[in-house]
Amino acid sequence: MDLRIFTEPQQGASYDTLLAVAKATEDLGFDAFFRSDHYLVMGDGDGLPGPTDAWVTLAGLARETSRIKLGTLMTAATFRLPGVLAIQVAQVDQMSGGRVELGLGAGWFEAEHTAYGIPFPKEKFDRLEEQLAIVTGLWGTPVGKTFDYDGKFYQLKDSPALPKPAQEKVPVLIGGMGAKRTPELTARYADEFNVPFSSVEDTGKQFGRVREAMRAAGRDVDELVYSNALIAVVGGDDAEVARRAAAIGREVPELKANGLAGSPAEVVDKIGRYAEQGATRFYLQIMDPKDLDHLELISSQVLPQVR
């Protein structure tokens, strides 16, 4: 069972704060540091000191860490042209020595596009499909050959398809609760499928749809990693859980119902229920990135029980 740390920097985190979290992630034995790809705070917070760019952040962390995987949940396809994204990810993979994973999604938060002058197209899912084809196609083109693509939204001609990532294949993550196209795209392009912030029951249903799509595509269902992203609020006692919940403006009962919250024993039990549906990897959404004691508690009292 992999436990990964997942941050939401748009809510308010500098690069230095994220670096401290990433180093703690590595030192405490977690598998990976992931971050969201957003440019605008959500909810009532002020978002200070302001947004950080996902791939600029990961480039810096690639040089300041040595073991952990680094990636996004999820890079928004609306933010970057696919050829540029392929170059960025390949370069960060080289900078990290082959530790990058790409989570790629359609993009959904219209307000952040408006706030920073980013087009917000209607055909987001169709664009995502073309981006997946282009990014993986560029990486998969042999050195010395060229890559062409003639799509509705993107056209590439005589691309040298460079640079190449350090890894032979950068793992691609797709996620979401779409009933048809999401599973189909997963079966065509993904190495991992992620269910974000959903119940055990809904997770089981979506994993089932993805497995059906994998079979229809002629792929072994076990080729895929099945994962969940869930908010984590863990405490050694009820008072500590309540303190951490209050610090992020949430209520304990709601967190226990919808996330991984409570004592270490409660969290281990909840992880086990998701594991029964097939999940083998968990992204622990940490909403207070300055609370490094939180990570230490999870590392010492949760991580050993699920490995």
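A word on conventions before the tour. Residues are numbered from 1 along each chain as its sequence is written, and side-chain values use heavy atoms, with hydrogens and water left out. Since the model is predicted, local features need pLDDT of at least 70 and side-chain atom pairs count only at pLDDT 80 or more, while totals for chains, interfaces and linings use all residues.

Let's start with helix H6, residues 181-189. Helices here are DSSP runs of H or I with at least four residues, strands are runs of E with at least two, and both are numbered from the N terminus. Which residues of H6 are buried? They are Thr182, Pro183, Leu185, Thr186, Ala187 and Tyr189, where buried means under 20% relative accessible area, exposed over 50% and partly exposed in between, with a 1.4 Å probe and protein chains only. Their cover includes helix H5 (124-140), strands E8 (172-175) and E9 (192-196), and helix H7 (200-216).

Now H6 against H7. Their axes, lines fitted to C-alpha atoms over the stretch in contact, with angles from 0 to 180 degrees between N-to-C directions, come within 8 Å and cross at roughly 50°. That makes the pair oblique; under 35 degrees counts as roughly parallel, over 145 as roughly antiparallel, 65 to 115 as roughly perpendicular, and the rest as oblique. On the H6 side, Thr182, Pro183, Glu184, Thr186 and Ala187 meet Gln206, Arg209, Val210, Ala213 and Met214 of H7, contact meaning heavy atoms within 4.5 Å.

For a second pair, take H1 (residues 15-27) and H2 (residues 54-64), whose axes come within 10 Å and cross at roughly 45°. H1 and H2 are therefore oblique to each other as well. Tyr15, Leu18, Leu19, Ala22 and Lys23 in H1 meet Thr57, Gly60, Leu61 and Glu64 in H2.

On to the core, a set of buried Ala, Val, Leu, Ile, Met, Phe, Trp, Tyr and Cys residues joined through side-chain atoms within 4.5 Å. The largest one has 75 residues, and Leu3, Phe33, Trp55 and Leu284 touch the most other members. H5 gives the largest share, 7 residues. Leaving aside neighbours within four places in sequence, the contacts of Leu284 include Leu3, Phe6, Leu230 and Ile298.

Last stop: Pro196, in strand E9. Is Pro196 buried or partly exposed? Partly exposed, because its relative accessible area is 28%. Beyond four places in sequence, Pro196 touches Gly176 and Ala229.
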